[in-house]
Amino acid sequence: MSVRTADVGRPGAMARAAATPTLSQSLARTARRNRLAVLAALTLVTAVGLAVAAPWLPLLDPDAVDTVKRLGPPLTPGHPLGTDEFGRDLLARLVWGARVSLLAGVGTAAAAMLVGVALGILGGFYTGWIENLVMRLTDILMAFPYILLAIAIVAGLGPGLRNAMIAIAIVGFPIYTRLVRGIVLSLREREFVEAARALGASDPVVLRRHVLPHLLSPVIVAFSLDVGAKILATAGLSFLGLGTQPPTADWGSMLATGRQFVILRPHVVLLPGLAIFVIVLALNLVGDALRDLLDPRAAQR
């Protein structure tokens with residue numbers, strides 16, 4: 001943090017500047033305090049890297065059927081993690097399924113964030129019919145059970161990954177709307193906002209310069225935690241047959257097709273279930289670490 005020339009001679013100015021940690025220092029401190037978050041971040045980087053590089057990895061065709069080798073256990077020759085009920089390689093399907101599950105989780109969370117942040121700003125910054133319309137819409141959506149409303153929307157749109165993502169984004173944006181509206185309401189009456197208005201600043205200028213910067217930290221943290229919830233929701237719809245359709249590899253659909261063999265060959269269900277568990281847990285740990293990192297009070301601890 002730089003110190004103005006006029007402040008150099010003031011008592012404590014240099015001390016305050018020296019005491020303010022840089023981003024790299026904050027990251028290093030968070031990494032030392034939270035080793036689990038570092039491990040979780042490495043897990044996410046590995047999963048994303050495998051998903052992105054799947055077309056170039058030496059993997060078998062995830063949709064190739066070989067009934068002679070169906071339900072092969074782990075360490076089967078040519079199939080390190082075994083095969084499913086159609087003889088398809090589980091390692092290849094897990095890696096390719098990561099592409100679908102991670103894309104669905106990030107995509108639905110991003111769509112919900114964009115819609116929720118926009119409506120939250122409108123509902124918090126403007127009063128009257130705009131605020132009433134935004135909040136009544138939010139209240140209606142939050143009055144329904146989350147997953148049941150998503151199922152109802154997919155039932156109306158038709159099964160498929162795209163429709164499942166649309167449904168989950170629709171039922172997920174009220175969380176962001178509530179969060180952003182509360183922050184904007186507290187900022188709307190602050191002195192620096194009123195001073196900007198008194199100087200003739202328009203609403204877009206006030207929002208861009210004085211409101212949006214205060215939304216970045218809480219929205220980033222909420223997004224990092226929400227991606228895991230969206231992966232779970234997408235996997236749940238795929239498990240019910242409303243998301244990804246066969247033969248496309250997806251962790252939720254892999255759970256659905258393998259559940260009937262849970263006693264005979266438990267690895268068919270355990271592997272995709274473990275993948276979902278590890279990724280969602282890693283996202284939650286990284287989200288908690290981001291919250292501590294971006295919280296201004298963390299520097300005082």
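Mentor: The largest pocket and its surroundings

α3 (35-52), α4 (90-125) and α11 (267-294) each give at least two residues to the lining of the largest pocket. Helices (H or I, at least four residues) and strands (E, at least two) are DSSP runs, numbered from the N terminus. This is a predicted model, in which local features need pLDDT of at least 70 and side-chain atom pairs count only at pLDDT 80 or more, while totals for chains, interfaces and linings use all residues. Residues are numbered from 1 along each chain as its sequence is written, and side-chain values use heavy atoms, with hydrogens and water left out.

The volume of the largest pocket is about 350 Å³. Its lining has 15 residues, and those closest to the centre are Ala47, Leu50, Leu94, Trp251 and Ala275. On a 1 Å grid over the protein atoms alone, a pocket is an open set of points with protein on both sides within 12 Å along at least five of seven lines, whereas a cavity is a set where a 1.4 Å probe fits but cannot get out; lining residues have an atom within 4 Å of a point. Grid points are joined across faces, edges and corners, and a volume is the space filled by probe spheres set on the points.

Which helix gives the most to the lining of the largest pocket? α11 does, with five residues. By class, the lining holds 13 nonpolar residues, two polar and no charged. Ala, Val, Leu, Ile, Met, Phe, Trp, Tyr, Cys and Pro count as nonpolar, Asp, Glu, Lys and Arg as charged, and the others, Gly among them, as polar.

Two of the lining helices, α3 and α4, also pack on each other, at an angle of about 105° and with their axes 8 Å apart. That makes α3 roughly perpendicular to α4. On the α3 side the contact is made by Ala47, Val48, Leu50, Ala51 and Val52, and on the α4 side by Val95, Ala98, Arg99 and Leu102. These residues divide into eight nonpolar, no polar and one charged. Contact means heavy atoms within 4.5 Å. Axes are lines fitted to C-alpha atoms, for helices over the stretch in contact, and angles run from 0 to 180 degrees between N-to-C directions. Angles under 35 degrees count as roughly parallel, over 145 as roughly antiparallel, 65 to 115 as roughly perpendicular and the rest as oblique. In the loop between α3 and α4 lies Leu71, which has a positive phi of about 60° although it is not a glycine.

α11 has a partner as well: its axis and that of helix α9 (residues 203-239) come within 8 Å and cross at roughly 170°. The two are therefore roughly antiparallel. The contact includes Ser217, Ile220 and Val221 of α9, and Ile276, Ile279 and Val280 of α11. By class it has 13 nonpolar, five polar and two charged residues.

About 40 Å³ of space lies in the largest cavity. α4 and α10 (251-258) each give two or more residues to its lining, which has three nonpolar, one polar and four charged residues.

As for confidence, pLDDT is the predictor's confidence in each residue, from 0 to 100. Among the elements of the protein chain, α4 has the highest mean pLDDT (92) and helix α1 (residues 13-19) the lowest (45).
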